[in-house]
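Please open the structure in a viewer and keep the sequence at hand.

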Amino acid sequence: MKICIDLALNGFPKALPNPLVGCVIVHNGKIIGKGFHQNYGENHAEVNAINSVENKSLLHESTLYVTLEPCSHFGKTPPCANLIIDSKISRVVIGSLDTFSKVNGEGIERLKASGIKVSTSVLEKECRSINSRFFTFHEKKRPYIILKWAKSKDGFIAPVNQLKPFWMTGKASKTLVHKWRSEESAILVGKNTVIKDNPLLTCREIDGKNPIRLVIDKNLSLSRDHLVFNNEASTLVINDSVDNDEHIKIDFQAFIPSLVRSLHQRGIQSLIVEGGAQTLHTFIDANCWDEARIFTSNKILGKGLQSPVIEKVANFKESISEDELYYYYNS
């Protein structure tokens, strides 16, 4: 199963919003087939693993290991459970249940009904962990939420009376942030960030897919001259009056519940919140976040806008050139 997990991670982020899945087929203690879900809309891991087996006559006495319960429904591809049955595989070992409503145990029941021996919950925690976005979206009915910001060495998120765009961290950190953007469905900022920084919110530093840009503008007062409204990526404006292909109407009196519900309805599986401070505090105060990624630069501002604070011990940290990056996970 550990090999399956490593295989599954090779699908990130191209397999999204589908789950990351890895599969290994073993005959008499020897691996005879491997596969993972490589790209959204293409073959699932089980299909690729079965197709990779040179001698298909060995399948009837082989064990298939897979990180996630085989699907049982027709989507962009046929059900994997059916293929496993048709291939006459004798045993299946599954890491975690697929709680998506169209599967949710049905794949397992279909395998058992055909006479296949099924074992479940093998390295379940690890198998669920690699699909945090998928499980959060389907079980909590909201996007997986990542908070991200950078602060100075003395704890400020921005200078006093900022009159032009200000980048707190170094080039290596900026490139990493652009990589993160390419891995998530959407990115969110407030109106003040658009006014002060005029950001593009794209992943232009790397070769990747731009996220959907979300801008909080309650009264629709922002000029469309800002870069966030250019044609390099889709932009949705969160407001209290208009709801269409370019706007999301929410209840600002119940901001977080209304927002995450609306994003779920639009199929947005994951979200990076890039600030500023007021927007970040809103998510922190509501305890509606899954990860926080906080850069500390070597700059000293002396005064400025105070950085938000996560009242937890960082799970781990790493150095990104001259910056320190702290990761927090909200259990």
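Contact here means heavy atoms within 4.5 Å. The model on display is a predicted one.

**The sheet.** Begin by selecting the five strands, which form an open sheet in the order β2-β1-β3-β4-β5, with mixed pairing. Proceed to the edges, where β2 (30–36) and β5 (117–119) stand. Each of these two has a single partner strand, so one side of each is left without a neighbour in the sheet. On average, neighbouring strands of this sheet are turned by 20° against each other, direction ignored.

**Strands β1 and β2.** Next, select β1 (residues 22–27) together with β2; the two run antiparallel and are joined by six bridges. Within this pair, V24 stands opposite K34 in β2.

**The helices.** Then select helix α2 (residues 45–52): α2 lies across β1, β2 and β3 and runs at about 140° to β2.

**The cysteines.** Finally, turn to the cysteines. How many disulfides does the structure hold? The number is zero. Select C23 and C4: the sulfur of C4 is the closest cysteine sulfur to that of C23, yet at 5.9 Å it is too far for a bond. C23 is buried, with a relative accessible area of 0%. Move on to C80, which is in no disulfide; its nearest cysteine sulfur, that of C71, is 3.8 Å away, whereas a disulfide requires sulfur atoms within 2.5 Å. C80 also counts as buried, at 1% relative accessibility.

Technical notes. Residues are numbered from 1 along each chain as its sequence is written. This is a predicted model: local features need pLDDT of at least 70, side-chain atom pairs count only at pLDDT 80 or more; totals for chains, interfaces and linings use all residues. Side-chain values use heavy atoms; hydrogens and water are left out. Two strands pair if DSSP finds at least two bridges between them. Helices (H or I, at least four residues) and strands (E, at least two) are DSSP runs, numbered from the N terminus. Axes are lines fitted to C-alpha atoms, for helices over the stretch in contact, and angles run from 0 to 180 degrees between N-to-C directions. Buried means under 20% relative accessible area, exposed over 50%, partly exposed in between (1.4 Å probe, protein chains only).
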